[in-house]
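Reader: I would like a close look at a single part of this model, with the cut-offs stated as you go.

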Amino acid sequence: MRRAGKYRHRITLQKFSVVRDPLGGEAKRWEDWQKDVPAEVVPLSGREFTAASAEHGQVTARMEIPYLPGVLNTMRAVFDGTVYAIRAVLPDPTARSHINLMVDAGVSDG
């Protein structure tokens with residue numbers, strides 16, 4: 001399937017949840033919050049990487065998605081089999097048309 005346009009990639013946004021297991025204990029796990037979110041995934045250039053990392057910690061890419069209320073920096077994104085921690089959620093300053101996610105690859109399940 002060929003995708004055209006700016007948002008040609010698809011990501012899954014996940015949130016960390018605590019759920020009750022059948023024995024009454026608690027299980028912690030990542031669960032899908034939104035699947036198949038249209039996105040533009042852009043690895044940062046050297047200059048962008050330096051500027052973004054100074055402001056937001058270790059940042060390796062930017063993901064732009066259409067405006068979606070409820071996205072938090074405690075979530076993570078999955079793109080093409082790679083898990084990314086969301087380091088910052090930057091809304092469009094002029095209108096609610098899109099959100100930029102500053103992300104870091106290579107996070108663990110914890």
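Which residues are linked in a network of salt bridges?

Author: This is a predicted model, in which local features need pLDDT of at least 70 and side-chain atom pairs count only at pLDDT 80 or more, while totals for chains, interfaces and linings use all residues. Residues are numbered from 1 along each chain as its sequence is written, and side-chain values use heavy atoms, with hydrogens and water left out.

The network of salt bridges links Lys 6, Glu 40, Arg 62 and Glu 64, a salt bridge being a side-chain nitrogen of Lys or Arg within 4 Å of a carboxyl oxygen of Asp or Glu. Lys 6 and Glu 64 meet through their side chains at 2.8 Å, N to O. This pair links distant parts of the chain, 58 residues apart, with Lys 6 in the segment before β1 (9–20) and Glu 64 in strand β3 (residues 61–66); strands are DSSP runs (E, at least two residues), numbered from the N terminus. Lys 6 is partly exposed at 44% relative accessible area, whereas Glu 64 is buried at 6%, where buried means under 20%, exposed over 50% and partly exposed in between (1.4 Å probe, protein chains only).

The salt bridge between Glu 40 and Arg 62 has its closest N and O atoms 3.9 Å apart. Because Glu 40 lies in strand β2 (residues 26–43) and Arg 62 in strand β3, this pair ties together parts that are 22 residues apart in sequence. Glu 40 also counts as buried, at 16% relative accessibility. The structure holds 7 salt bridges, including one between the side chains of Arg 29 and Glu 31 at 3.9 Å, N to O.

Technical notes:
Helices (H or I, at least four residues) and strands (E, at least two) are DSSP runs, numbered from the N terminus.
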